[in-house]
Amino acid sequence: MNIFQSVKSAVKSVFASKTRSFLTMLGIIIGISSVIIITSIGAGSQAAMTEQFNSMGAGRVTVRVQSSGGQDVKDSERLNMADYEMLAENPNVKYISPSLQDSADLKLLNPKETKTASVTGVSPDYVKIESLELAAGRFISGNDMDMSGKVCVINDTTAEKVFGKADESVIGSRISVKTWRGTQKYTVVGVLKNKNAAIEAQYGDMYPETVYLPVTAVQKLTGDKTFNSFTIIVADKDKIDEACTAITDALNARHKTADKYYAQNMMNIVENINAAMSTMTLVISGIAGISLAVGGIGVMNIMLVTVTERTREIGIRKSIGAKNSNILSQFLVEAVILTGIGGCLGLALGWFGSGFAGKMMSVSPVISPAAVVMAVSISIGIGVIFGVYPAHKAARLDPIEALRYE
């Protein structure tokens, strides 16, 4: 019997008892589909995260002052306007914006209703650093910073809640921002397209409104002359590590400190998170792979039952000249066909399952060709591994004893 005849015989045997064959494949189907769903969602999450960080701008760096040895940061060591002006002239810096935040109350369209707002002080470069897009008006200018102007920029979502519209007619309107230091009025000079609208919609009123002011205006509002951090886009993204060193060295030299400042490459965070997610995906896939081992044991059990049921057939074939290798290959091919079909069904289920899971989790699943090849290879490998013993047992049957079997 050649290989083609073995395949034909194996397929016929598998489909002769469809229910039993399907139940035998079930462990393989569940295992393969689980691995496909987990790996595709994991890969999709990593791709989405990398894309999100890339959209923030390649070569993005966050500069902060750090405490050391449990000691608090001295006032003289905190980031300030002089640091900002120095780094703005640094050849390693393309764009830079300080960050100074405060919480406030914002009056909405209903005069009796207020909403928590995040007031963020920024520089003109902030719109380029964050790749923000204007829907109307302009962003904060250098003159606004110099004059500590009482101007603000809001996004279109906030504009709708405050004014009931988000177009050019909003420009020139005033909003009231209330903090513990009192209420201040700011003139709206720009409306941004809210790129986080989908996320904010999920949280509803729990998500604060966003108001951007010149950082100098926030300093007046809060009475704080220092900054939390600087967000920087380096001039040469291919030399980001060298730029980070030059930036921190300049700050340490100006403040006469040593290793007091650090510049965090945002892509390093992405790489660390992706590495952690890859490890987690691998562990969960390993757990899901247990069902493959269980499925393989099920295949071996059914193949042993098949050998017992076809003992007389084996005896007849051996009596008319079939070799042990012929019997071995026939049952081995049958096991591979069984797990191969299970693997393909598992792959199809994983494909549809990952799409459904992706919609539920708002993630675009990524099914790589490597995952498909791996799934098919594993299913065939299980057929070989768990089919060897039953096939070997069938090949070693004594033809006379086999013919006597009832």
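Let me begin at the surface, where F22, L23, L26, I30 and L345 form a nonpolar patch with about 440 Å² of accessible area together. By a patch I mean residues with over 30% relative accessible area and no salt bridge, in which nonpolar side chains (Val, Leu, Ile, Met, Phe, Trp, Tyr) are joined within 5 Å and like charges within 9 Å. A salt bridge, in turn, is a side-chain nitrogen of Lys or Arg within 4 Å of a carboxyl oxygen of Asp or Glu, and the accessible areas come from the Shrake-Rupley method with a 1.4 Å probe, with only the protein chains shown counting as cover for residues.

Before I go on, please keep in mind that this is a predicted model, in which local features need pLDDT of at least 70 and side-chain atom pairs count only at pLDDT 80 or more, while totals for chains, interfaces and linings use all residues. Residues are numbered from 1 along each chain as its sequence is written, and side-chain values use heavy atoms, with hydrogens and water left out.

Returning to the nonpolar patch, its largest share, 4 residues, comes from helix α2 (residues 18-55), whereas L345 is found in helix α13 (residues 324-361). Helices (H or I, at least four residues) and strands (E, at least two) are DSSP runs, numbered from the N terminus. L345 has 40% relative accessibility and therefore counts as partly exposed, given that buried means under 20% relative accessible area, exposed over 50%, and partly exposed in between.

Next comes helix α8, residues 215-222, which is largely enclosed by the rest of the structure because 7 of its 8 residues are buried. Those buried residues are V215, T216, A217, V218, Q219, L221 and T222. K220 also has its place in α8, but K220 is exposed, with a relative accessible area of 56%. On the surface, K220 gathers with K107, K150, R174, R181, K185 and K225 in a patch of positive charge; here Lys and Arg count as positive and Asp and Glu as negative, with His and the chain ends not counted, and the place of a charge is NZ of Lys, CZ of Arg, CG of Asp or CD of Glu. After α8 comes G223, whose phi is positive, near 80 degrees.

On the backbone, most residues other than glycine have a negative phi. In the loop between α9 (240-255) and β12 (261-265) we find K256, which has a positive phi of about 55 degrees although it is not a glycine, and K256 is exposed at a relative accessible area of 76%. D259 lies in the loop between α9 and β12 too, with a positive phi near 55 degrees, and at 64% relative accessibility D259 counts as exposed.

Finally, the aromatic rings. Rings of Phe, Tyr and Trp (its six-membered ring) pair if their centres lie within 6.5 Å, and planes under 30 degrees apart count as stacked, over 60 as edge-to-face and the rest as tilted. The count by this rule comes to 5 aromatic pairs. One of them is the tilted pair of Y126 and Y212, at 5.3 Å centre to centre with 50 degrees between the planes. Since Y126 lies in helix α4 (residues 126-129) and Y212 in strand β9 (residues 209-214), the pair ties together parts that are 86 residues apart in sequence. Both Y126 and Y212 are buried. The rings of F139 and Y212 have centres 6.3 Å apart and planes at 55 degrees, so this pair is tilted. Ring pairs also link Y84, F227 and F230 into a cluster.

Methods:
Buried < 20%, exposed > 50% of the residue type's maximum accessible area, 1.4 Å probe, protein only.
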